[in-house]
Protein chains: 2
Amino acid sequence: MKKFRLLAPGPTPVPPEVLLAMAEPVIHHRTPEFEALFAETRRRLQWLFQTDQDVLILAASGTGAMEGAVVNACSPGDRVLVIRGGKFGERWAEICQAYGLTVIPLEIPYGQAVDPADVAVLLRHDPRIAAVFATHSETSTGVLHDLEALAAIVKQTPALLVVDAITSLGVVDLPMDAWGVDVVVGASQKALMLPPGLAFAALSERAWAAAERARLPRYYLNFLTERRTQAKNQAAWTPAISLVAGLKAALGLLQAEGLPAIFARHERLARATRAGVTALGLTLFAEQPSPAVTAVKAPDGIDGEAIVRTLRDRHGISIAGGQGSMAGKIFRIATLGYADPYDVLTGIAALEFTLAELGYPVRLGDGLRAAQEVLQK
Amino acid sequence: MKKFRLLAPGPTPVPPEVLLAMAEPVIHHRTPEFEALFAETRRRLQWLFQTDQDVLILAASGTGAMEGAVVNACSPGDRVLVIRGGKFGERWAEICQAYGLTVIPLEIPYGQAVDPADVAVLLRHDPRIAAVFATHSETSTGVLHDLEALAAIVKQTPALLVVDAITSLGVVDLPMDAWGVDVVVGASQKALMLPPGLAFAALSERAWAAAERARLPRYYLNFLTERRTQAKNQAAWTPAISLVAGLKAALGLLQAEGLPAIFARHERLARATRAGVTALGLTLFAEQPSPAVTAVKAPDGIDGEAIVRTLRDRHGISIAGGQGSMAGKIFRIATLGYADPYDVLTGIAALEFTLAELGYPVRLGDGLRAAQEVLQK
């Protein structure tokens, strides 16, 4: 009897209530039943996004919604500032380049967060910048960027602030309307506790105005078409019906918990994880760590990929390794979505075994006790 | 106790075996387990597409794969011939226009099929045409186009043949390699018996060569990136894991049945449906009807939408009405996917009740007997 556990920053485990909702018979998407399901799900998403704006539901993974943000917010020749501090910041740049935009990269060393003052300087010196592309929680490095400060700066300029909130939404506070964020993009397989296959996008009034003016080619990801159709509780293209049914159930679980409790839970689990790994003598990678995922440096002489592989093959636990140039150098333990204190302790216990198996000196229980002390508070 | 039934041309009912596969715990997509799942699923798709080429699996609905076909097969300034004989042929034109291609429309009256000889003439007179966009089974009109004849003509020219096979794949024979079709696009919620959310695309050697040369902007739907990644049994972006698990199960059911039996089943159910409705004095809309869906003219004085609404609200059966300019004039009963003779008889029986309720003269049982006589053979 071997159990498999997901402690990866997406996909995350799906609660049984959500699995059951997705296993219900598929209803047709042009019926009053689907419209009622879609209407309630859209209302719940507005609650999660903390916005009065429509939250579009797309049949795509998060990258699709990112591309949608680019093609609906920008026009040919636009100059855009892209904060590149990890794989997902780089993805913004790749998409913008694929559409021929002029990308001004703001390079942030991996593991560090952007200094919002730098963005202010760049925007002041280049007032033609049409949009700033940012990552709230950079999954590849485990860094949480200070989105509130960033938004306060960008909203004083004509530039739009476009944010990948794929691993921050439902993890940390992100009051889109109150902070004045222009585009927020999310996906299903993170704190929303669903399988991958749905992505989300919400736009501010000025982002919708930009979408009306935008002249990049777009069809499947045309947010204007989606907005018009979703206002009637339909989707422009056939929606991923079973995932939408699961989404309604997942949002119901989140609403029962409440936003403050959700944010406190993620913070507590992440702090326990950090305490556990540092008590084992390991070093955190992120200077400003995200509660979604804890990135840890692989100790000298031990390959980070071997840690990931051993956890998976011997202990049945999926965590994440380093991506791109970080491969082998870090490993990442997630605490987002359907996770509780015993998931954290399971992860730390298995990490202790794994490190010992790979020849790293470990006193069993040191990490666990440190994590427990955080969790007991 | 009221049961709900789907007799619509997508989404179609999902078999219990497939619902169970999708309700299994989500596995991480960067694991050997997922790679094994993806590898087997890809092999099974090659069997369904009757091709030695890779069949790409995308997290999108069918329209996303259609857009992917356009942006990977074409380049700015390309002249393309689009066969427009219904809503989905028109969608090809809309996508091509969104990307600034020069569309040469071949208008086919609704309910009729394209004459392949007309395509031959147009290609001969305009040798610069880079691609022909066609619909195999035009869901909006219930017409099956003669794809084999079309392919025989197009393959003698430099133009690519790009086919929306969304409601024909797994319904009628479509030996992609043998016929020389260049791009075949499919989706999950039709004969594949899955919820919506997955789309598929397979490309011939010359279509892959065009994709290498193509210069339209593309990122999420970049087939080159997907092909390179899927060759390693991974997906470029996070795949819709639970739907992929369901897809493997659905393809397993189809393989157990076998392609000849699948095609014969659809033909038999559609013939029984046609016999049932014509025995009630109704007229078929399509001159060359598709086995996927039977389009029927609403009788004089009766609104087609009232038929759809009554079937749904009083009898719990979802069929489809007419789309666009066809609204109210036709209704459409599907026989594709997870359907058997008793589903056809249920649909005809409910149609008899519905027509009587709406004041159309019906002798109960006439349609049923006619359908039974086809099914008994």
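**View 1. The contact between chain B and chain A in this predicted model.** The contact draws 43 residues from chain B and 43 residues from chain A, where two residues are in contact if their C-beta atoms, placed from the backbone, lie within 7 Å. On the side of chain B that touches chain A, helix H1 (16–22), helix H3 (62–73), helix H4 (87–98) and helix H10 (241–257) each supply at least two residues, and the largest share, four residues, comes from H3(B). Helices (H or I, at least four residues) and strands (E, at least two) are DSSP runs, numbered from the N terminus. This side of chain B divides into 25 nonpolar, 14 polar and four charged residues; Ala, Val, Leu, Ile, Met, Phe, Trp, Tyr, Cys and Pro count as nonpolar, Asp, Glu, Lys and Arg as charged, and the others, Gly among them, as polar. Because 100% of the interface residues of chain B are also interface residues in chain A, the copies meet through the same surface.

Residues are numbered from 1 along each chain as its sequence is written, while chains are lettered from A and ligands numbered from 1 in the order in which they are written. As the model is predicted, local features need pLDDT of at least 70 and side-chain atom pairs count only at pLDDT 80 or more, whereas totals for chains, interfaces and linings use all residues.

**View 2. The axis that relates chain B to chain A.** In chain B, the C-alpha nearest the axis belongs to Ala60(B), which is 2.4 Å from the axis. For this comparison the copies are superposed by least squares on the C-alpha atoms of residues with pLDDT of at least 70 in both.

**View 3. The two domains of chain A.** Chain A is divided into domain 1 (16–256) and domain 2 (259–376), with bounds that come from an automatic or database domain assignment. The centres of the two domains of chain A, taken over C-alpha atoms, are separated by 28 Å. Across the boundary, 22 residues of domain 1 of chain A are in contact with 21 residues of domain 2 of chain A, and the domain 1 side of this contact holds nine nonpolar, ten polar and three charged residues.

**View 4. Helix H2 against helix H10 in chain A.** Two packed helices are described by the angle between their axes and the distance between the axes. Helix H2 (residues 32–49) of chain A and helix H10 (residues 241–257) of chain A pack at an angle of about 45 degrees, with their axes 9 Å apart, which makes H2(A) oblique to H10(A). Axes are lines fitted to C-alpha atoms, for helices over the stretch in contact, and angles run from 0 to 180 degrees between N-to-C directions; angles under 35 degrees count as roughly parallel, over 145 as roughly antiparallel, 65 to 115 as roughly perpendicular and the rest as oblique. The crossing of H2(A) and H10(A) is left-handed, a term used if the near helix is turned anticlockwise from the far one by less than a right angle, with right-handed used if clockwise. Among the residues that meet here are Phe34(A), Arg44(A) and Trp47(A) in H2(A) and Val244(A), Lys248(A) and Leu251(A) in H10(A). By class, this contact of H2(A) with H10(A) has twelve nonpolar, two polar and three charged residues.

**View 5. Helix H5 beside helix H6 in chain A.** Helix H5 (residues 116–125) of chain A and helix H6 (residues 147–154) of chain A pack at an angle of about 20 degrees, with their axes 9 Å apart, and are therefore roughly parallel to each other. Their crossing is right-handed. Pro116(A), Val119(A) and Ala120(A) of H5(A) make the contact with Ala149(A), Leu150(A), Ile153(A) and Val154(A) of H6(A), and the residues of this contact divide into seven nonpolar, no polar and no charged.

**View 6. A cis peptide bond in each chain.** The peptide bond from Gly10(A) to Pro11(A) is cis, with omega near 0 degrees, and Pro11(A) is found in the loop between strand S1 (5–6) and helix H1 (16–22) of chain A. In chain B, a cis peptide bond joins Gly10(B) and Pro11(B), with omega about 0 degrees.
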